[in-house]
Amino acid sequence: MPPRFISAGYGYDERQPAASNGKLFGRRKTIHQLFGGGKVADIVLWRNKHLSGAILAGMTVTWFLFEVVEYHFLTLLCQFLIAAMLLIFIWSNGAALLDRSPPKIPEIILSERSFREFAIYLHARLSRFLVIFQNVAMGRDLRLFLMVIASLWIMSVVGSFFSSLNLLYLGYLCIQILPALYERYEREVDHLALMGSHDLKRLFHRFDTNVLNKIPRGPIKEKKYR
């Protein structure tokens, strides 16, 4: 009788749960902690609804002007600056007539403290991304290396069918909506995902047992040692 493949899923227990902690991808942190636990996480998860809604409205208006109305960037920038100059002119002259202080635009928009905090946050995130990119690119984890290359190739193919702005706006919508929905329906999503993972493992186990193990294989030649 010819030898057969040994099943990699031998001893698979169909009653075994897909993950020990019952969380998607076996994570131990909360969604808020995964996004940094700061202001960015509050915006993504709609903890600050007014700011999240304002950013979403601004991104939507920007996408509408460039993609639907087909505004050019230089035209929109010049018209925005004209409107800003007229507003500041009216504000400054009105403040002088009403004996009030004129607007201090640099202090309002470019606060030194806020700009420094943003620069530090951006530097930390960029450094962390480059460290992760370097570790993956070095190929220490070959499976992760190939998965990243395949994912980037798929994204490049998908990007050829959409404009860059459409793709960025779609990605922003996914970041702004999907984590908040997942946090709200976390138990239901985790349950469905774990059951789906369990079903896939059971299907692979059956395929391995009923198909792969029945494929005959030639006899293995014993090595001769001198």
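This is a predicted model: local features need pLDDT of at least 70, side-chain atom pairs count only at pLDDT 80 or more; totals for chains, interfaces and linings use all residues.
Residues are numbered from 1 along each chain as its sequence is written, and side-chain values use heavy atoms, with hydrogens and water left out.

Let me begin with the chain as a whole. There are nine helices and zero strands, where helices are DSSP runs of H or I with at least four residues, strands are runs of E with at least two, and both are numbered from the N terminus. Of the 226 residues, 13% count as buried, and here buried means under 20% relative accessible area, exposed means over 50%, and partly exposed lies in between, with a 1.4 Å probe and protein chains only. The accessible surface comes to about 19200 Å², and 68% of that belongs to carbon and sulfur atoms; these areas come from the Shrake-Rupley method with a 1.4 Å probe, and for residues only the protein chains shown count as cover. Taking contact to mean heavy atoms within 4.5 Å, 67% of the contacts between residues at least 6 apart in sequence join residues at least 24 apart.

Now to the largest pocket. A pocket here is an open set of points on a 1 Å grid over the protein atoms alone, where a 1.4 Å probe fits and where protein lies on both sides within 12 Å along at least five of seven lines, and lining residues have an atom within 4 Å of a point. About 430 Å³ of space lies in the largest pocket, a volume being the space filled by probe spheres set on the points, which are joined across faces, edges and corners. Of the 20 residues that line this pocket, the closest to its centre are Gly38, Lys39, Val40, Phe118 and Tyr121. Helices α2 (39-44), α6 (112-137) and α8 (164-184) are the elements that give two or more residues to the lining, and α2 provides the largest share, six residues.

What does Ser52 touch, leaving aside residues up to four places away in sequence? Ser52 lies in helix α3 (residues 49-68), is buried at 0% relative accessible area, and touches Asp42, Ile43, Trp46, Tyr172 and Gln176. Gln176, in helix α8, is likewise buried, at 2%, and under the sequence limit of four places it touches Ile43, Val44, Trp46 and Ser52. Trp46 sits in the loop between α2 and α3, is partly exposed at 27%, and has a positive phi of about 60° although it is not a glycine. Glu70, in the loop between α3 and α4 (73-97), also has a positive phi of about 60° without being a glycine, and Glu70 is exposed at 60%.

Finally, the structure holds three aromatic pairs; rings of Phe, Tyr and Trp (its six-membered ring) pair if their centres lie within 6.5 Å, and planes under 30 degrees apart count as stacked, over 60 as edge-to-face and the rest as tilted. Phe66 and Phe73 form a stacked pair, 6.4 Å centre to centre with 25° between the planes. The rings of Phe129 and Phe133 have centres 6.3 Å apart and planes at 25°, so this pair is stacked too. Phe129 and Phe133 both lie in helix α6, four residues apart, about one turn of the helix.
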